[in-house]
Amino acid sequence: MKNSFSESYKNAGVDVTAGYKAVELMKEHVKRTKTSGVVSGIGGFGGLFAPDMKGMEEPILVSGTDGVGTKLKLAFLLDKHDTIGIDAVAMCVNDVVCCGAKPMFFLDYIAVGKNVPEKVAQIVSGIADGCEMSYSALVGGETAEMPGFYPVDEYDVAGFSVGIVDKKKIIDGRKLTAGDVLIGLPSSGVHSNGFSLVRKVFGIDENTIHNEYPELDKPLGETLLTPTKIYVKPILDLISKVDVKAISHITGGGFYENIPRMLSDGLTAKIKKDAVPVLPIFKVIQRVGNIPEHDMFNTFNMGIGMIVAVAKENADKAVETLKAYGEDAVVLGELVEGNDGVIFE
């Protein structure tokens, strides 16, 4: 920006020229997320997007917002910043797709203690990766340098997604009945929830983050930093081929909080505990932290990141469709009459 420099502002800890450099470095990442709906490039005061509403009788916009949470602490300790953006996108688009909407665009917010352009660009590279995984265009964002508020080596990342769905195709659980089958899509790890407990269990610091456990094929920190899986493409493919009645994104609150969110009154989710493909990292967390099994299923995804409900006669086709997409889907249980939320057998 020509003539844009303030020595006084820089002395206060904010270097506007670093912000301009960060924007230049991130442009290459933003460019690869461009879709046909993008009208404007980054740098303006608002991101412009023309939604494709062809074939829709009553288009409904669907939005979701979230952050990465204290998982960021691990990124700081490992000095690895190129995947955390995937988590930010995933936590938003996975929510949006739960009602059958296709994400269209994403905006991010990055707040830093000190603007290091190269680090900001690494964060945005992950955000762009997440956008590519979810049909989303990265149409804008904000990088805020906040000295004295965040330590110089730390930052926060959040964002929001906007999707679209035809009103008659909204998935909201209203068609659910007893006997419907619950199908789980595997998670990639802890995803982006429960990290306050995780950090307490392991006493995460610059030393313990490198600990190794026989159950894990990578050091603790690398395992925990595995980015959240994005389910947009397989879910939308499934919806196009099978009548999906309800979808639940398994985030904070685990099974006990998230599954009831997709249920209609009078229905209970009966889960076969042995059918849940519990990942090794959760077994380590439970063992090291001496955490009751109920609390594990009430905090973590335990190896299942998304659950869909379909009629019993469509269950085989749903599993087959998801497996053809590369998802090792499993039948977790069924819906029964009652108002108990979630029960295990």
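Residues are numbered from 1 along each chain as its sequence is written, and side-chain values use heavy atoms, with hydrogens and water left out. Because the model is predicted, local features need pLDDT of at least 70 and side-chain atom pairs count only at pLDDT 80 or more, whereas totals for chains, interfaces and linings use all residues.

The protein chain is divided into domain 1 (7–169) and domain 2 (180–344), with bounds that come from an automatic or database domain assignment. The centres of the two domains, taken over C-alpha atoms, are separated by 25 Å. Across the boundary, 30 residues of domain 1 are in contact with 32 residues of domain 2, contact meaning heavy atoms within 4.5 Å. The area buried between domain 1 and domain 2 is about 2500 Å², and carbon and sulfur atoms give 74% of that area; buried area here is the accessible area (1.4 Å probe) that two parts lose on being put together, summed over both. Of the area that domain 1 buries against domain 2, Lys71, Leu74 and Asn94 supply 24%, more than any other three residues. The number of salt bridges between domain 1 and domain 2 is zero, where a salt bridge is a side-chain nitrogen of Lys or Arg within 4 Å of a carboxyl oxygen of Asp or Glu.

The UniProt record, an unreviewed entry, places the feature "domain: PurM-like N-terminal" at residues 61–165; UniProt positions are given in the numbering used here, feature names are shortened, and annotations may be inferred rather than shown by experiment. Over residues 61–165 the chain is 34% helix and 36% strand, and the end C-alpha atoms lie 7 Å apart. Helices (H or I, at least four residues) and strands (E, at least two) are DSSP runs, numbered from the N terminus.

Strand 8 (residues 304–310) is mostly covered, seven of its seven residues being buried; buried means under 20% relative accessible area, exposed over 50%, and partly exposed in between (1.4 Å probe, protein chains only). Strand 8 runs antiparallel to strand 5 (residues 181–186), to which six bridges join it, and Met306 in strand 8 is the bridge partner of Leu185. Strand 8 also pairs in the antiparallel sense with strand 6 (residues 244–249), over five bridges, and here Val308 of strand 8 stands opposite Ile247. Two strands are taken to pair if DSSP finds at least two bridges between them.

The structure holds 19 salt bridges. One of them joins the side chains of Glu24 and Lys27 (3.1 Å, N to O), and both residues lie in helix 2 (residues 16–31), three residues apart, about one turn of the helix. Lys27 is partly exposed, with a relative accessible area of 36%. Asp52 forms a salt bridge with Lys54, with the closest N and O atoms 3.1 Å apart; Asp52 is partly exposed at a relative accessible area of 47%, whereas Lys54 counts as exposed at 71%. In the salt bridge between Arg287 and Glu215, the closest N and O atoms are 2.8 Å apart. Arg287 lies in helix 10 (residues 280–289) and Glu215 in the loop between helix 6 (195–202) and helix 7 (220–224), so the pair ties together parts that are 72 residues apart in sequence. Arg287 is partly exposed, with a relative accessible area of 47%, and Glu215 counts as partly exposed at 31%. Salt bridges that share partners also join Arg32, Asp129 and Glu132 into one network.
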